[in-house]
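Visitor: I would like to learn how to read a set of coordinates feature by feature. Please show me the entry first.

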4 protein chains.
Amino acid sequence: MQITVWNEFFQERNQPNTAAVYPDGIHTAIGEGLLANDPSLNVGYAWLGQPDDGLAEEVLGNTDVLLWWGHLKHGLVSDDVVARVRRRVLGGMGLILLHSGIESKVASAVLGTTCKMSFWRHDDRELVWTVDPAHPIAQGVPNPLIIDSGEMYGEPLDVPTPSDLVFITSYEGGEVLRSGIGWHVGRGRVFFVSNGHEEHPLYYRDDLRRLLSNVVAWAAPTAPIMEPTGRVANPDRDWWRAATTEGN
Amino acid sequence: MQITVWNEFFQERNQPNTAAVYPDGIHTAIGEGLLANDPSLNVGYAWLGQPDDGLAEEVLGNTDVLLWWGHLKHGLVSDDVVARVRRRVLGGMGLILLHSGIESKVASAVLGTTCKMSFWRHDDRELVWTVDPAHPIAQGVPNPLIIDSGEMYGEPLDVPTPSDLVFITSYEGGEVLRSGIGWHVGRGRVFFVSNGHEEHPLYYRDDLRRLLSNVVAWAAPTAPIMEPTGRVANPDRDWWRAATTEGN
Amino acid sequence: MQITVWNEFFQERNQPNTAAVYPDGIHTAIGEGLLANDPSLNVGYAWLGQPDDGLAEEVLGNTDVLLWWGHLKHGLVSDDVVARVRRRVLGGMGLILLHSGIESKVASAVLGTTCKMSFWRHDDRELVWTVDPAHPIAQGVPNPLIIDSGEMYGEPLDVPTPSDLVFITSYEGGEVLRSGIGWHVGRGRVFFVSNGHEEHPLYYRDDLRRLLSNVVAWAAPTAPIMEPTGRVANPDRDWWRAATTEGN
Amino acid sequence: MQITVWNEFFQERNQPNTAAVYPDGIHTAIGEGLLANDPSLNVGYAWLGQPDDGLAEEVLGNTDVLLWWGHLKHGLVSDDVVARVRRRVLGGMGLILLHSGIESKVASAVLGTTCKMSFWRHDDRELVWTVDPAHPIAQGVPNPLIIDSGEMYGEPLDVPTPSDLVFITSYEGGEVLRSGIGWHVGRGRVFFVSNGHEEHPLYYRDDLRRLLSNVVAWAAPTAPIMEPTGRVANPDRDWWRAATTEGN
């Protein structure tokens with residue numbers, strides 16, 4: 001399975017407080033966490049500033065699950081790349097939106113809504129509560145998962161009703177967020193994990209890494225990824241009689 | 001529309017602190033709130049200790065929406081009454097579970113699971129956040145609705161995945177609850193509102209009364225209530241050709 | 001309540017078989033059906049070819065529920081109008097996608113996916129089955145609703161998981177469709193009704209008109225429609241203490 | 001992983017047409033199908049007529065996924081066994097309801113509703129359509145999966161709104177059914193597969209066996225199964241500070 005961790009990779013190269021926490025880029029900390037839990041993965045990295053924003057057709061066309069970290073530079077991602085990511089997700093690729101990645105252009109392209117939270121604030125304590133203990137993404141994750149200092153994102157979050165609601169986070173200031181939620185989109189699965197931050201070393205933590213590994217397993221395609229378009233057909237009555245009974 | 005507010009009516013008659021807040025019973029405060037918002041309703045009351053626990057066939061068979069308050073005496077409700085309520089809900093009656101009513105026998109009978117919360121604690125501040133601003137139950141309800149002192153009920157709450165998630169409550173102690181959630185059950189609609197308490201005068205508040213009135217409107221049957229059983233038929237092929245096209 | 005029925009209004013003016021069935025435009029037949037069930041509605045019409053595609057800011061800004069009929073000319077709707085409709089839906093306007101309107105640009109803009117069905121075929125018998133008898137949209141609708149000749153749209157339909165699944169249609173050729181489904185999108189509600197056709201006089205039928213009137217009632221905004229953007233705030237801790245407790 | 005296939009095992013021993021198709025019991029055909037796809041499974045069998053209906057505490061307490069086939073003898077299953085199965089499911093065991101198993105006492109105990117379909121008829125052609133191609137249960141399953149002669153079960157099916165809707169079946173007679181649907185119940189996952197019959201050799205087919213193997217993988221517990229009861233605690237404020245951060 002081929003994982004690609006995408007990062008806008010701006011703050012680590014321009015802001016000392018982020019560089020101090022993630023000197024090799026936040027993408028590296030995320031990728032190493034996935035590999036620590038499953039060494040059989042192939043993990044690649046891509047970032048803003050590379051040709052095609054790092055996601056040329058040959059990269060994306062080989063990616064099974066894409067993790068997306070964006071924060072300050074959403075607007076610099078090219079519309080062509082956004083359209084390419086959306087098409088790939090509809091065709092079956094998993095997409096994981098990390099923290100402020102929920103406000104990226106790819107999130108809005110795939111989900112339709114603005115994907116804006118209503119509030120945010122630095123440096124709030126987060127408690128991540130499991131509300132669906134039957135969900136595979138919850139397995140092995142502490143309940144609650146405690147983050148002493150993160151960043152508050154408050155409801156209403158402008159996303160379509162998720163098909164999967166696994167975690168709800170409360171903040172010390174009293175706000176709440178559906179912080180671990182998923183959607184089936186075309187042939188692909190999309191998941192948002194709000195907990196994480198570029199100024200706190202959260203992506204080195206074992207519990208958050210366990211959570212992310214669970215999400216990758218959930219989002220991984222279980223069939224070959226295909227083109228989402230061109231499926232509309234006008235078949236004769238009883239066409240399915242002669243159909244080869246190939247699987248989905 | 002005929003509303004029945006059911007109350008175990010124990011604490012108001014036996015515990016001074018509850019009696020001081022709800023001298024006429026918590027059911028009266030709830031019913032008067034509904035009438036204040038919609039004087040056209042018919043509101044009746046029933047309680048534990050009456051014959052048939054107050055819900056004889058002729059009472060229940062005339063009820064469109066049933067609100068249920070139970071707390072300390074869940075076990076005293078007769079199994080016959082529980083079965084009768086369940087049958088009526090499956091046939092189309094609305095059922096609104098208030099606060100600890102989520103742990104009643106009727107809740108578990110209708111929803112299947114234990115309906116237990118995982119944690120509780122007296123006297124926590126509650127913030128009730130709207131997470132589905134498009135939902136009619138959210139309309140006119142402050143966001144957040146602030147309760148300075150209520151009672152914490154904490155996740156995981158052992159209920160089936162709701163079809164409607166409108167409110168999430170955070171507590172000062174950090175816990176969270178899906179505090180305003182609904183289900184379609186047979187021909188009926190069921191909704192749980194956690195916010196409310198027998199020792200605090202919450203049911204006199206305009207904002208919580210607005211919320212409850214919205215829930216009643218949402219849960220109200222839109223077709224005649226019928227028996228849920230006896231629907232299994234073994235019709236000839238193309239039976240629907242001759243079917244009278246009566247509505248649902 | 002202000003209803004606007006939008007129509008591409010092409011086939012009625014260019015194709016004799018459609019003109020014979022809907023000489024005044026399919027929008028008129030739809031609007032008259034709504035008025036027959038609820039004379040208190042204000043119903044307006046708009047179509048492709050008018051300035052701003054009939055949906056100038058002052059028209060859309062006054063619309064509570066928009067019904068959308070498009071079929072052959074999806075591509076001619078301007079991107080500006082699509083963006084305007086999406087913004088209005090996210091702000092609270094109801095949107096009803098009629099038949100091939102599911103493949104319109106407004107559908108895809110609001111829902112994110114391609115909104116393509118996988119198959120289609122003229123002149124199939126349709127049986128519209130209620131699968132959620134507790135849903136208000138099902139009330140008064142025959143079960144099944146029988147359409148002797150309509151048009152088959154077959155699954156998979158590329159839409160996000162709906163929050164409301166009310167009707168499933170089977171076709172004589174054996175295909176099926178989730179033919180009556182809804183979503184909460186921002187502050188607005190969206191519903192798709194597949195049953196209907198420009199060459200068959202279906203929109204004159206009482207049962208389909210009942211169904212559409214139910215959908216309009218479900219999709220109608222229950223709060224003032226507002227701008228969806230500009231909601232992200234960075235408030236101080238405990239900002240909600242001082243919040244005016246205005247409703248949603 | 002320990003699988004138990006439960007069968008009422010009545011028709012195979014009393015009715016020649018069923019005995020001819022499943023001489024060793026329908027449970028054996030089902031179990032062998034699972035083993036053909038995954039030889040690493042441990043598959044055991046249990047049936048009505050054994051002590052404790054074949055599901056003594058030591059059998060059930062060792063079962064990870066339980067498949068349930070019942071048809072004519074639902075009423076003979078003891079209430080104690082039903083309660084035991086429910087408790088085990090709420091604690092995390094997977095439960096798969098096969099065909100008429102949806103009308104069993106265990107189904108109703110776990111899901112709350114009557115679990116009755118509205119119609120049935122022998123010997124209808126079934127087309128099983130995938131409506132959620134992103135769902136892992138759909139992978140490798142033909143679309144449509146064609147069953148030349150099965151048994152019609154028609155909507156409305158009286159179950160709570162499922163969290164997972166994967167397959168919809170159309171019948172030659174025109175009826176439809178949500179034929180592959182799932183629920184999260186407590187810590188466990190429940191799935192209903194309608195397609196299958198005791199008089200037709202369907203459980204020997206590779207495609208249906210693939211579908212069932214996918215369901216078993218989806219329903220399998222991903223954490224140790226525990227008791228569902230006794231979770232209600234009344235902890236001090238900030239109890240989670242001292243919580244061992246054990247996983248779910």
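Guide: What follows is a walk through a predicted model, from one chain to its copies.

Visitor: What is the secondary structure content of chain A?
Guide: Chain A has 7 helices and 9 strands.

Visitor: What share of chain A is buried?
Guide: The cut-off here is a relative accessible area under 20%. By that criterion, 66% of the 248 residues of chain A are buried. A related reading concerns contacts in sequence terms: in chain A, of the contacts between residues at least 6 apart in sequence, 71% join residues at least 24 apart.

Visitor: How is a sheet described, and what is the strand order in chain D?
Guide: One lists the strands in spatial order and then looks at the pairing. In chain D the order is β2-β1-β3-β4-β9-β8-β7-β5-β6, an open sheet of 9 strands with mixed pairing. The edges are β2 (42-47) and β6 (145-154) of chain D; each has a single partner strand, so one side of each has no neighbour in the sheet. From one strand to the next, the twist averages 25 degrees.

Visitor: In what sense do β8 and β9 of chain D pair?
Guide: Strand β8 (residues 176-185) and strand β9 (residues 188-193) of chain D are antiparallel, with 6 bridges.

Visitor: Which strands does helix α7 of chain D touch?
Guide: Helix α7 (residues 206-219) of chain D packs on the sheet and touches β1, β3, β4, β6, β7 (164-171), β8 and β9 of chain D. The angle between the directions of α7 and β9(D) is about 165 degrees. Helix α3 (residues 26-37) of chain D lies across β1 (2-7), β2, β3 (65-69) and β4 (94-98) of that chain, at about 170 degrees to β2(D).

Visitor: Let us look at a single strand. How many residues of β7 in chain C are buried?
Guide: In strand β7 (residues 164-171) of chain C, 8 of 8 residues are buried. As a general idea, side chains in a regular strand alternate between the two faces of the sheet.

Visitor: Which strands pair with β7(C)?
Guide: Strand β5 (residues 119-130) of chain C pairs with β7(C) in the antiparallel sense over 5 bridges, with L127(C) opposite S170(C). Strand β8 (residues 176-185) of chain C is also antiparallel to β7(C), over 6 bridges, and D164(C) stands opposite G182(C) there. The hairpin of β7(C) and β8(C) has 4 residues between the strands, and G174(C) has a positive phi near 105 degrees.

Visitor: Which residues does G33(C) contact beyond its sequence neighbours?
Guide: G33(C) belongs to helix α3 (residues 26-37) of chain C. Outside four places in sequence, the contacts of G33(C) are R209(C) and S213(C). G33(C) and S213(C) lie 180 residues apart in sequence, yet their C-alpha atoms are 7.9 Å apart. G33(C) is classed as buried because its relative accessibility is 1%.

Visitor: How many disulfides are there over all chains?
Guide: A disulfide is a covalent bond between the sulfur atoms of two cysteines. The search of the whole structure finds 0 disulfides. For C115(A), the nearest cysteine sulfur is that of C115(C), 15 Å away. For C115(D), the nearest is that of C115(B), also 15 Å away. C115(D) counts as buried, at 0% relative accessibility, and C115(A) is buried with a relative accessible area of 0%.

Visitor: What rotation superposes chain A on chain C?
Guide: A rotation of 180 degrees with 0.0 Å of shift along the axis does so, at RMSD 0.0 Å. The C-alpha of G112(A) is the nearest to the axis in chain A, 2.0 Å from it. Since 100% of the interface residues of chain A are also interface residues in chain C, the copies meet through the same surface.

How values were computed:
Residues are numbered from 1 along each chain as its sequence is written. Chains are lettered from A and ligands numbered from 1 in the order in which they are written. This is a predicted model: local features need pLDDT of at least 70, side-chain atom pairs count only at pLDDT 80 or more; totals for chains, interfaces and linings use all residues. Side-chain values use heavy atoms; hydrogens and water are left out. A disulfide is a pair of cysteine sulfur atoms within 2.5 Å. Buried means under 20% relative accessible area, exposed over 50%, partly exposed in between (1.4 Å probe, protein chains only). Two strands pair if DSSP finds at least two bridges between them. Helices (H or I, at least four residues) and strands (E, at least two) are DSSP runs, numbered from the N terminus. Axes are lines fitted to C-alpha atoms, for helices over the stretch in contact, and angles run from 0 to 180 degrees between N-to-C directions. Contact means heavy atoms within 4.5 Å. Copies are superposed by least squares on the C-alpha atoms of residues with pLDDT of at least 70 in both.
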